[in-house]
Amino acid sequence: MSALHDRLARLRAQAGAGALATPAPLLGATALAPRPPDALRALLHAREQRRAAPRPVLAAPAGVEVAAGVYLVERTFAYAANPRLMLPWLAQAPIERSRLVCFDTETTGLAGGVGTRAFMIGSARWCADRLTVRQLYLTTMAGEAAMLRLFNAWLDPAAILVSYNGKSYDAPLLKGRLRLNHVDHRLAELPHLDWLHPVRRRYRGVFENCRLATIERQALRIVRDDDLPGAQAPAAWLAFLRGESSRNLARVLDHNRQDVVTLMRLSDHMAAIDPAAP
Amino acid sequence: MSSVDATPTDRAAAPVTRLVARWLDKYGERISGHLQRPAQPARWREFPPDLAPALGTALAARGIERLYSHQREAWDHVTAGEHVVVVTPTASGKTLCYNLPVLAAVHAQRAKALYLFPTKALAQDQVAELLELNTAGALGLRACTFDGDTPADARQAIRLKGDIVVSNPDMLHQAILPHHTKWAQFFESLRYIVIDEVHSYRGVFGSHVANVVRRLKRVCAFYGVQPVFILCSATIGNPREHAEALVGETVHAITDSGAPCGERHVLLWNPPVINPDLGIRASARSQSMRLARQTIRAGLKTIVFAQSRLMVEVLTKYLKDVFDHDPRERERIRAYRGGYLPNERRQTERALRAGALDGVVSTSALELGVDIGALDVAILNGFPGSIAASWQRLGRAGRRQRPALGVLVASSAPLDQYVVRHPEFFAAATPEQARIAPDQLLILLDHIRCAAFELPFTSGDRFGEAPVDEFLGVLAEAGVLHQEGTRWDWIADSYPAGAVNLRAVADGNFVVVDRSEGRQTIIAEVDYASAALTLYEGAIYLVQSRPWQVEHLDWAGRKAFVTTTHADYYTDAIDYTKLKVLARFDGSRSGQGLCHHGEVHVVRRVSGYKKIRYYSHENIGYGPVNLPDQELHTTALWWQLEQDVLEAAFERRQDALDGFLGAAYALHTVARVRAMADGHDLQKAVGSGDAAWFASRDAQGRGQWRNAQGEAVAVGSAASFSPTLFLYDNFAGGIGLSEPLFHGAAGLVRAALDLVESCDCNGGCPACIGPILASDTPQPSQAELAVAVLSLLAA
């Protein structure tokens, strides 16, 4: 194996390409990150280190194993609220709050395409003044199909999806992975309320941007403690998968849980606003 | 049932025949070859009995009542589930070979088809044609182009509703396959994959495309379909073999055209010699213009092919000065090339189809199958680099049954001169073989990476023929794949297709940044292999003949910073190449010497540069260059003669060395023609084979010996003397050119010998053994020395 590796690394260097890992596309001067001449050496060094230590298997940071390689974390919070709410973005009549499935995924990256997958799906659902947050996450790649099936099973025919940018990001990504794993699903049929656009219409120019974290802090007055930025989620899961550390994966669970709780809060906040107002 | 039509006599026959007779009479010494093909009648077959009536109606509405024999042959094989490659001349109705079975399947079973064309213009043409058939037969099918210009909101509709999606390999690679789940419905019903112009998929590009097809087949298998491939090609020497290499399946070749063709004359035209000492001839441009003026005046619709966009503009101006000087008259001459807006190009195509123009000047943009109707004369201003491309361009004249004339006007470039002096290449069916190397290591690795993104791999899987496990291991070590048991999943946060350019072995291009007056503008992009030769600090870099000077080269950052300059000189790199044989794969006797094929290590060093004044071309100074050596592990073939053989044949070592350099030049020329390779892709070198010394030509064109450090040394100083002549693939890892050349090595030596022996020059010229100084007339001459080396190597 290492003979081929060395040969490929040498040929790539001769042809002017970067390290084996992630050659950056060349799109104008801004994309031209300098390529360290010793990137290959670093790569080869890393390989030796990795080979020296066989991958340990870490304990899952939380939850119970509900299928091979899939863990479920469930938490319930008190959430006193009117069982119906007006969401004119969806319908003119009041909507049963219990139908709302606030969901959010954590993925292996933002590159797009079928190679990007969700390793965690969180959902919040309300019932009788209680908000139940259920989160599924993978401890092995092979658990993906089971996780997707479990998530799909939560989606009864009356469910209404609620997300932040989920129409353009989470839902298409999940649809691709469902298709790839041959799982029939209900995702495309269900109504989907994506708060990104209503929030933008309401708050553009009011706050510095319309990211969920900003809206949460400024409009909902929620303050997070020791939050792991979403951008670090892929690395956190990889670190766990490679047996390096499970600490940040636990923080991803916290982050994702807060996201879906925020979605329910945001729904109440927006319902209290007249959508026709500027 | 087949029938034969009588050839209709055509009144247009007279001018072409008259003109050819007059030229032969008047310019006989310039015409090195006159090839004639008699007219051929059409061979017809009936529509297949199972053709749906709606399709018959659609065809009848387009004036088609029966099929040419090859169209019916294609139908029979394709509908039997065989993969097919159709190789018939321009305007022989190739498109119906695939449109008919595709339309039938779409019409009857709502099957889907994917069409791939090398360019966007061809794709749009194809859709226009499909839509005409669709309207004519009220077939209700949806054909759409899917390319970089397709708006985002239209893409969703195309994915879900398109019956025939017309795209190109780059889109398939970058946009369709990495998002295949969005195309799930399309793939589930995909029945036919049409790949047209497959002769253009050769070398690096073809090797990439073969791997894109492997990925496509992998995705198809995931959706449970095994589509039939229908390929089309211009005439090349190995259509079936090439098609099979491209799609990795057994392919049936249809090479016998049933389409009629008129009488055809092809003239090989060599401009007259105006300086016999230097071997300088009148320019191809002046000759082409003279010929075009005569054909247009004789009422013949004429197309002139030029090699560059700039030359298109120049030639168009010359013709317009003659034919379009009166603005009140209708426009008779137009130019056509890449870089024009699509609308303008469509307008010219329509004018050509309608017969409203008398002359058009074009680049290769009109070489491919854009429909421009019937023309009478094709004039090639210079050899286009391959026989296949020449025929493709010559075929633009003589669509339908009119007599046609093609003229290849040679420039003084060696390849042109070689071709124009060997009319048998044009007479012989098709000598060129399209070659690809889909298992080139770097290209393979790139596509296994892309394939792993699209669908996970399992240990033991194959990609094409190659087992993937080792590659997966490499990618896992690099952190882009994650292994779990026997399964390998993509794990990185990147989009690998975005980093793989189908037209390069590895994407390491340099950008040239203009920072005059505080600007930061990119003015050019230079491929990695050329960077050391053109972007060293001090170099004058030219864009559209405007000079910039390189001030700083950031090698690691792949950037050259330049500022505008008014220098009255240009620069030319001084570089040395030394080769070392690493492994011999195969070998054979070659006359009194040996010929081998194997792996070599190439080191190229740019040691400095010359400043050369414009017009006078005098050398006005030198500059040093300090760049890392360029290294290359690649494949090569090489010839060697033992010391005792050389000592018996040559009085002095200098003579033998000059002979080797001349022989290398001639062999390189003929090998490029055989391998259908660009000069840049196949390189030549002369050295000792162990990198101890190597040879180059000095300013006088004489051989100079250099030691491993690149210092010039006396030619007799080394103890051992066994010069080695290399031809090598100029790509890290090789690109499959040198192996077939090795298997035809004896023929190469004979052809090179013939090239030098039959050259009319006095003792050597750029057309045979390379440029030498006119004043340099040693005895024996350099050409004679090259002949001596080649004779020793000839069996």
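Okay, let's start with strands β8 and β9 of chain A: β8(A) pairs with β9(A), residues 192–194, in the parallel sense, over three bridges. When I say two strands pair, I mean that DSSP finds at least two bridges between them. Helices (H or I, at least four residues) and strands (E, at least two) are DSSP runs, numbered from the N terminus. In this pair, A:Ser163 sits opposite A:Asp194 of β9(A). To get from β8(A) to β9(A), the chain goes through helix α4 of chain A, residues 170–180, and this β-α-β crossover is right-handed. Right-handed here means that, with the strands pointing away from the viewer, the path from the first strand over the helix to the second runs clockwise.

Before I go on, a quick word on what you're looking at: this is a predicted model, where local features need pLDDT of at least 70 and side-chain atom pairs count only at pLDDT 80 or more, while totals for chains, interfaces and linings use all residues. Residues are numbered from 1 along each chain as its sequence is written, and chains are lettered from A and ligands numbered from 1 in the order in which they are written.

Back to β8(A). Strand β5 of chain A, residues 100–107, also runs parallel to β8(A), joined to it by three bridges. There, A:Leu100 stands opposite A:Ile160. So what about the two faces of β8(A), residues 160–163: which residues cover them? A:Ile160 and A:Val162 are on one side, A:Leu161 and A:Ser163 are on the other, and all are buried. As for the word buried, it takes 20 or more other C-beta atoms within 10 Å of a residue's own; exposed is 12 or fewer, partly exposed is in between, and C-beta atoms are placed from the backbone.

Zooming out, chain A has eight helices and nine strands. Of its 278 residues, 37% count as buried. Take the contacts in chain A between residues at least 6 apart in sequence: 65% of them join residues at least 24 apart. A contact, by the way, means C-beta atoms, placed from the backbone, within 7 Å.

Now over to chain B. Its domain assignment gives domain 1 (9–38 + 261–427), domain 2 (43–254), domain 3 (441–499), domain 4 (510–567) and domain 5 (575–793). Those bounds come from an automatic or database domain assignment. The centres of domain 2 and domain 5 of chain B, taken over C-alpha atoms, are 45 Å apart.

Have a look at the open sheet in chain B. Seven strands form it, in the order β2-β12-β19-β18-β15-β17-β16, with mixed pairing. At the edges are β2 (31–37) and β16 (333–336) of chain B, each pairing on one side only. Neighbouring strands of this sheet are turned by 15° against each other on average, direction ignored. Four bridges join β16(B) to β17(B), residues 359–362, and the two run parallel. In that pair, B:Tyr336 stands opposite B:Ser362.

Helix α11 of chain B, residues 284–297, touches β12, β15, β17, β18 and β19 of chain B, and its direction makes about 170° with that of β18(B). Helix α14 of chain B, residues 387–394, touches β12, β15, β18 and β19, at about 145° to β18(B). For those angles, axes are lines fitted to C-alpha atoms, for helices over the stretch in contact, and the angles run from 0 to 180 degrees between N-to-C directions.

Next, helix α9 of chain B, residues 203–222. Is α9(B) largely enclosed or open? 15 of its 20 residues are buried, so α9(B) is largely enclosed by the rest of the structure. At 1.5 Å a residue, α9(B) should span 28 Å, and its end C-alpha atoms are 29 Å apart, which agrees. That expected span is 1.5 Å times one less than the number of residues. Just after α9(B), B:Gly224 takes a positive phi of about 75°.

Last stop: two glutamates. Most residues other than glycine have a negative phi, and most peptide bonds are trans. B:Glu197 has a positive phi, near 55°, and lies in the loop between β9 (190–195) and α9 of chain B. B:Glu517 also has a positive phi, near 50°, and is in the loop between β25 (510–514) and β26 (521–526) of chain B. Buried or exposed? B:Glu197 is buried, with 20 other C-beta atoms within 10 Å, whereas B:Glu517 is exposed, with 7.

Note on methods:
Two residues are in contact if their C-beta atoms, placed from the backbone, lie within 7 Å.
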